[in-house]
Amino acid sequence: MSKQKQAQLRKDVMPFATSKTKTSIVQLLNTIPPFFILWILAYQSLAVSIWLSMLCSIAAAGFMVRTFIIFHDCAHQSFFKKPKLNRLLGTITGVITHFPFEKWKREHAIHHATSGNLDQRGTGDIWIMTVEEYEKATRWERLQYRLYRNPIILFGLGPFSLFLYSNRINRKDAKKKERKNTYIINISLIVIYCLIGFLLGWQALVFVQLPIAYIAGFLGIWLFYVQHQFEDSYFENESEWDYVKAAVDGSSYYKLPKWLEWMTGSIGYHHVHHLAPKVPNYHLEQAHRETPPLHNATIITLKTSLKSIKFRLYDEEQKTFISFREMKHRLNQSKNQRITTAKSTPTIRS
């Protein structure tokens, strides 16, 4: 795609980058009240059956994910027209979702500015090593990476790491506003958890609140993972990196059933979101539908997205992800070639 066509593509999407107060309020009403209603139902259901309570918790976790999408739009200043309203709602939804608004806003902005850039990795994204980097890595570095990319750790322990550690601390050079916002959200969470424990009992914490937060965290990590970790995703060094190509070719169109698309705030249209972050979630589908060049984005489904679990390393030469098994095969081949070359090289005697 030429630079002229790229510029035109961004221009075509910009009319959708405007929020509608009425639509935003409706989305608030059909997201946050249902979350609290389901939370109460999950708690009340404990007296009947833990399994019934768990079903309510799973549903509540879905609405927590939907609440995060609102939080996410507030971070992009796209949910309401007024920045102050976005910051206020972002902080409130940050408490519900357990994410520090100002901290995450900064990190996510970096993610958008560097997505697919091999020279600018490390902030707001999933850890990715290239084949060359893995080959040069020490055994300890390889072990760390393999543990990080293990699905049990990435998706199983990932939510605990997010909620208990990375979301609770500020960077050393964080500005006062960012630090203050994180402290406010942390203190709010401590107060809320203490109130739940003291007023409703430990059962409410263990069987209602924790499952909701954990399931929502798991789903959130999965969504973020699959939308950039597909077989032919776009990655380039900075000298060759292009913002539009990174958005359209490096972000997937996660084609979900309509009810899941609604629950996840249409974030499956991730190629549209990365192309124009100011487009609110409720305009993403329309922007995709009415912009023909975006129909060429990589489509993944619930079934095909499961393949991404085996994608562990990015091959810069082949422009694709490979598995650790494929990497092991390559290393063995390389080792055998070196041995064969050494044996075939004649020994020169003095």
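What volume does the largest pocket have? I began my notebook with this question, and I note at the outset that the model is predicted.

**Entry 1: the largest pocket**

I looked up the volume and found that the largest pocket has about 1,300 Å³. I then turned to its lining, which is made by 41 residues, and I wrote down those closest to the centre of the pocket: Gly-124, Asp-125, Ile-126, Leu-162 and Phe-224. Next I asked which helices each supply at least two residues of this lining, and I found α4 (50-75), α6, α9 (151-166) and α11. Helix α9 gives the most to the lining, with nine residues. When I sorted the lining of the pocket by class, I had 22 nonpolar, 14 polar and five charged residues.

**Entry 2: the largest cavity**

I searched the whole structure for cavities of 30 Å³ or more, and the search found one. About 160 Å³ of space lies in the largest cavity. Its lining has 18 residues, and those closest to the centre are Ser-115, Asp-125, Ile-128, His-228 and Phe-235. Helices α6 (101-114) and α11 (202-226) each supply at least two residues of the lining of this cavity. By class, I noted seven nonpolar, nine polar and two charged residues in the cavity lining.

**Entry 3: α3 against α11**

At what angle do α3 and α11 pack? I found that helix α3 (residues 32-45) packs with α11 at an angle of about 145 degrees, and that their axes are 10 Å apart. The crossing of α3 past α11 is right-handed. On the side of α3, the contact is made by Phe-35, Trp-39, Ala-42 and Tyr-43, while α11 brings Ala-204, Val-208, Gln-209 and Ile-212. I sorted this contact by class as well, and it has seven nonpolar residues, one polar residue and no charged ones.

Strand β4 (residues 313-315) runs antiparallel to β5, and three bridges join the two. Which residue of β5 stands opposite Leu-313? I looked across from Leu-313 and found Ile-322 in β5.

Notes. Residues are numbered from 1 along each chain as its sequence is written. This is a predicted model: local features need pLDDT of at least 70, side-chain atom pairs count only at pLDDT 80 or more; totals for chains, interfaces and linings use all residues. Side-chain values use heavy atoms; hydrogens and water are left out. On a 1 Å grid over the protein atoms alone, a cavity is a set of points where a 1.4 Å probe fits but cannot get out, and a pocket is an open set with protein on both sides within 12 Å along at least five of seven lines; lining residues have an atom within 4 Å of a point. Grid points are joined across faces, edges and corners, and a volume is the space filled by probe spheres set on the points. Helices (H or I, at least four residues) and strands (E, at least two) are DSSP runs, numbered from the N terminus. Ala, Val, Leu, Ile, Met, Phe, Trp, Tyr, Cys and Pro count as nonpolar, Asp, Glu, Lys and Arg as charged, and the others, Gly among them, as polar. Two strands pair if DSSP finds at least two bridges between them. Axes are lines fitted to C-alpha atoms, for helices over the stretch in contact, and angles run from 0 to 180 degrees between N-to-C directions. A crossing is left-handed if the near helix is turned anticlockwise from the far one by less than a right angle, and right-handed if clockwise. Contact means heavy atoms within 4.5 Å.
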